[in-house]
Amino acid sequence: MLKNFESVQVLNDLLPFIQDLYGSTIVIKYGGSAMKDISLKSKIIEDILFLYYMGIKVVIVHGGGPIINYWLKQMNIEPRFFNGIRVTDKITMELVEMVLVGKVNKDLVSLFNRSSNIAVGLSGKDANLITASSFFIDQPDNYTGKVEKVNLDIINILLSNGYIPVIASIASDLNGQSYNINADSVAGAIAECLNAQKLILLTDTPGIMLNIDKPASLIKHLNIEKLEDLKNQQIIAGGMIPKVDCCIQALKNNVVSAHIINGNIEHALLLEILTSIGIGSKLVA
């Protein structure tokens with residue numbers, strides 16, 4: 001009897017979160033080392049499907065940094081970064097597009113569609129979903145991009161017909177030139193344009209920490225003012241900069257909350273958004 005009571009209590013605890021999120025839109029950026037572990041990848045997809053069947057509209061944006069780095073090293077190309085953004089020359093661009101669009105995207109879509117027929121794979125090029133421009137304007141042999149414009153037509157069609165868009169962070173400019181865009185930035189821009197309830201970044205870290213070597217220093221709740229202060233103190237640095245910047249931009253433009261969580265923790269998504277405690281950093285305006 002006690003077990004039955006505890007099970008009912010868990011469902012009762014979930015109810016307010018389900019009521020709050022039902023019918024809302026959530027944008028999830030999926031990346032980091034959690035993409036390499038097949039078992040963990042399957043668990044994340046199960047959790048996303050759980051949210052979908054709860055009545056939440058879900059959009060997935062993915063990167064694939066660890067997988068890209070693996071293939072770059074196979075080609076004897078050393079990965080390069082600037083403030084957490086991948087520096088992408090012509091050869092790297094070709095490889096990145098093949099890996100993200102041709103492999104990572106289709107692998108994810110296949111995993112979703114093993115138990116359903118609801119995932120549709122896209123890149124920023126499809127239906128001109130994302131128009132890109134150069135991130136490093138003064139460097140001619142660089143195909144690192146930024147989001148110039150978002151066209152939601154295809155996403156709205158898919159969401160209104162019960163599909164989950166799965167989007168690779170590759171796009172082209174008005175001349176058809178391909179660009180590699182930071183997936184956090186793409187997720188933030190799409191969340192902003194959709195007026196999403198939540199933007200969730202799955203990462204390899206617990207969230208925003210005062211000391212990156214001490215998980216116990218995790219800060220669970222932050223507003224934009226606190227985020228800017230931590231950036232000025234260089235506590236937020238390196239690869240966390242583009243993540244925080246895209247969250248700040250989204251929060252300033254109608255996204256209710258942003259979450260940075262460790263995607264390597266089993267059921268991280270559900271623990272963050274369906275419990276009052278959460279496991280990562282929740283960011284609000």
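Q: In which sense do β12 and strand β14 pair, and over how many bridges?
A: In general, the strands of a sheet pair through backbone hydrogen bonds, and the pairing is either parallel or antiparallel. In this predicted model, β12 pairs in the parallel sense with strand β14, which covers residues 281–284, and three bridges join the two. Within β14, the residue that stands opposite L222 is L283.

Q: In what order do the strands of the open sheet run?
A: The open sheet has eight strands, and reading across gives the order β5-β8-β2-β1-β11-β13-β14-β12, with mixed pairing. At its edges stand β5 (119–123) and β12 (221–223), and each has a single partner strand, so one side of each is left without a neighbour in the sheet. From one strand to the next, the twist averages 20 degrees.

Q: How many disulfides does the structure hold?
A: A disulfide is, in general, a covalent bond between the sulfur atoms of two cysteines. This structure holds zero disulfides. For C246, the nearest cysteine sulfur is that of C247, at 4.3 Å, whereas a disulfide requires the sulfur atoms to lie within 2.5 Å.

Q: Is C246 buried or exposed?
A: A residue counts as buried when its relative accessible area is under 20%. C246 has 7% relative accessibility, so it counts as buried. C247 has a relative accessible area of 0%, and therefore C247 is buried too.

Technical notes
Residues are numbered from 1 along each chain as its sequence is written. This is a predicted model: local features need pLDDT of at least 70, side-chain atom pairs count only at pLDDT 80 or more; totals for chains, interfaces and linings use all residues. Side-chain values use heavy atoms; hydrogens and water are left out. Two strands pair if DSSP finds at least two bridges between them. Helices (H or I, at least four residues) and strands (E, at least two) are DSSP runs, numbered from the N terminus. Axes are lines fitted to C-alpha atoms, for helices over the stretch in contact, and angles run from 0 to 180 degrees between N-to-C directions. Buried means under 20% relative accessible area, exposed over 50%, partly exposed in between (1.4 Å probe, protein chains only).
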